[in-house]
Amino acid sequence: MPISDPTAKWWSEDTVAIVTGANKGIGYALVKRFAKLGLTVVLTARDRSKGLDAMDSLKVLGLDHNVYFCQLDISDRASISSFVSWFRARFELFDILVNNAAVCFNTMGQNSIDHADTVINTNYYGSKQFTEAMLPLFRRSAFITRILNISSRLGTLDKLKNTEMKTILGNIERLSEDQIEMVLHVFLQDVAEDRWKKVGWPEIWTDYSVSKLALNAYSQVLARKYKDMVSVNCFCPGFTQTSMTNGKGNHSADDAAEMAAAITLLPPHHLTTGKFYTASTTSGLISKL
Ligand SMILES: NC(=O)c1ccc[n+]([C@@H]2O[C@H](COP(=O)([O-])OP(=O)(O)OC[C@H]3O[C@@H](n4cnc5c(N)ncnc54)[C@H](OP(=O)(O)O)[C@@H]3O)[C@@H](O)[C@H]2O)c1
């Protein structure tokens with residue numbers, strides 16, 4: 001895949017990228033990467049002071065020149081609305097959205113669903129509602145405008161054994177947002193009525209996996225709806241050393257961000273949509289679908 005063609009730089013400092021959940025981990029590393037590559041970046045964080053600390057770290061690295069900060073909690077409609085007002089006042093339009101923010105309350109080997117509502121509300125509904133709020137502000141320039149949803153292979157369809165749900169989500173040509181949300185409703189009901197272990201939901205980090213399953217499905221719906229207007233892809237960074245994994249992983253957040261940036265910045269003539277990219281340390285980036 002021609003993702004790292006050094007002659008293919010098509011962006012400039014007029015290209016504006018927004019990254020959610022960027023005070024640490026892969027989101028912060030991605031802001032650094034975009035800043036190094038010369039884009040204008042909006043670093044967002046739900047906690048203002050953590051966001052400002054991240055800005056200070058960028059300053060120390062000499063990378064704060066075209067980086068702006070605004071508080072954004074993707075699970076809070078009021079915060080999204082303030083972000084939109086802030087953004088409109090400064091930039092008017094933008095080109096790239098990376099939906100990176102997510103939560104996971106499990107550690108390795110654990111599979112609690114105590115926070116299933118928060119996980120689904122943040123990882124799926126939060127990313128969706130922020131995307132919807134920002135869609136009118138995309139520059140809508142063919143081959144340029146892009147969304148990258150940072151997802152996980154824990155949320156690919158092969159992890160779902162429930163045949164009814166799998167058939168619904170697998171029918172990507174006809175899939176709708178209502179159907180995705182019906183699947184989430186069934187999941188949360190199975191959790192509430194304590195039958196979630198028996199009915200074929202993903203077996204590892206179940207609530208997180210279902211949230212990413214829904215995010216992947218939503219990406220397909222968006223890719224179809226905005227075909228030839230906005231490119232929408234997903235990326236699983238692989239097992240990465242961040243606080244989500246208690247610092248364990250096969251590679252650093254900077255490595256993951258380098259791969260995420262390569263996909264986000266695909267040259268216009270190689271731009272894809274509706275793809276799910278995974279990182280593999282041995283064979284590079286692989287796209288499915
Ligand atoms: N690390 C891995 O191995 C791995 C593997 C596959 C996929 N991923 C995905 O990669 C992405 C980045 O994860 P990471 O590993 O970098 O984890 P991380 O270090 O825990 O970072 C997650 C970021 O999301 C933010 N966040 C959480 N809820 C938010 C909300 N409601 N609004 C705005 N921001 C919110 C967090 O803010 P706070 O600091 O305030 O909590 C933090 O900045 C996630 O989508 C994750 O699912 C990670």
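Start by selecting Asp 228, which counts as exposed because it has 8 C-beta neighbours inside 10 Å (exposed is 12 or fewer other C-beta atoms within 10 Å, buried is 20 or more, partly exposed is in between, with C-beta atoms placed from the backbone). Before you click on, note that this is a predicted model, where local features need pLDDT of at least 70, side-chain atom pairs count only at pLDDT 80 or more, and totals for chains, interfaces and linings use all residues. Residues are numbered from 1 along each chain as its sequence is written.

Stay on Asp 228: you'll find it in the loop between helix H7 (206-225) and strand E6 (231-236). Helices (H or I, at least four residues) and strands (E, at least two) are DSSP runs, numbered from the N terminus. Now check the backbone, where phi of Asp 228 is near 70°, a positive value in a residue other than glycine. Most residues other than glycine have a negative phi.

Next, pick Arg 140, in the loop between helix H4 (116-134) and E5. Here too phi is positive in a residue other than glycine, near 50° for Arg 140. Arg 140 counts as partly exposed because it has 14 C-beta neighbours inside 10 Å.

Now for the strands. Select E4 (residues 96-99) and look at both of its faces: Ile 96 and Val 98 on one side, Leu 97 and Asn 99 on the other, are all buried. Then bring in strand E5 (residues 146-150), parallel to E4 and joined to it by four bridges.

Last stop: show helix H1 (residues 25-37) and helix H8 (residues 253-264), which pack at an angle of about 60° with their axes 8 Å apart. Axes are lines fitted to C-alpha atoms, for helices over the stretch in contact, and angles run from 0 to 180 degrees between N-to-C directions. That angle makes H1 oblique to H8, oblique being whatever is left after under 35 degrees (roughly parallel), over 145 (roughly antiparallel) and 65 to 115 (roughly perpendicular). To see the contact (C-beta atoms, placed from the backbone, within 7 Å), select residues including Ile 26, Ala 29 and Phe 34 of H1 and Ala 253, Ala 257 and Ala 261 of H8.

Methods. Contact = placed C-beta atoms within 7 Å. Pairing = 2+ DSSP bridges.
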